[in-house]
Amino acid sequence: MPRLFLGVILPRGVRSPLQNKIEKELKQLDGHTISPPEKWHLTLLFIGNVGVRAEEKIKDQLVRAKLFPAEPITLGGPAPFGMFGQHILFMHAKSATDFLTRLHNACMRMVPVAHSHVFRPHVTIARTKHPRGDFSLEKLNTRSWTIDFLPPFLSLIESSQREGVTHYRVLSQRRFPRK
């Protein structure tokens with residue numbers, strides 16, 4: 001069964017400067033693996049494992065969804081969290097308006113199978129198996145990690161694990177209309 005989520009693939013113009021800042025800072029810490037920048041994406045709604053029929057319905061909903069023009073999103077405020085013994089460094093996403101909340105709500109209307117949980121749009125940046133998951137953020141100059149961008153597409157993305165590596169594949173996407 002595919003494991004799906006709705007999100008925004010970060011454009012290259014966002015990934016490159018962010019990658020340079022993050023790699024420079026994380027070199028100071030041991031035991032951390034930076035996620036490959038080409039895999040960086042803003043998760044808006046985790047859907048979970050779904051069958052083929054549900055996947056096709058979600059693709060159809062994305063194609064038919066009435067999207068509104070994109071507004072700037074700010075990535076910043078890195079923070080750690082742990083899950084299943086693996087610890088993750090992620091970046092928060094926010095918008096000056098209610099754009100992300102409206103987008104999340106539109107995603108929820110598209111996907112009736114979505115898990116209900118607190119809405120926290122984020123980009124996963126790095127992982128560690130450090131015993132305490134201590135990213136020691138106080139040692140890092142994370143203020144320079146902030147970047148603004150205009151999302152080009154809303155994407156339905158599949159994630160899968162093969163040989164301990166997470167792979168992502170865009171199944172469908174919809175361009176945000178222009179203002």
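Analyst: Glu 55, Glu 56 and Lys 59 are joined in a network of salt bridges, a salt bridge being a side-chain nitrogen of Lys or Arg within 4 Å of a carboxyl oxygen of Asp or Glu. This is a predicted model, in which local features need pLDDT of at least 70 and side-chain atom pairs count only at pLDDT 80 or more, while totals for chains, interfaces and linings use all residues. Residues are numbered from 1 along each chain as its sequence is written, and side-chain values use heavy atoms, with hydrogens and water left out.

Helices (H or I, at least four residues) and strands (E, at least two) are DSSP runs, numbered from the N terminus. Glu 55 is buried, its relative accessible area being 9%, where buried means under 20% relative accessible area, exposed over 50%, and partly exposed in between (1.4 Å probe, protein chains only).

The structure holds six salt bridges, and another of them pairs Glu 158 with Arg 169, with the closest N and O atoms 3.0 Å apart. This pair links distant parts of the chain, since Glu 158 lies in strand E8 (residues 153–162) and Arg 169 in strand E9 (residues 165–175), 11 residues apart. Glu 158 is buried at 15% relative accessible area, whereas Arg 169 is partly exposed at 46%.
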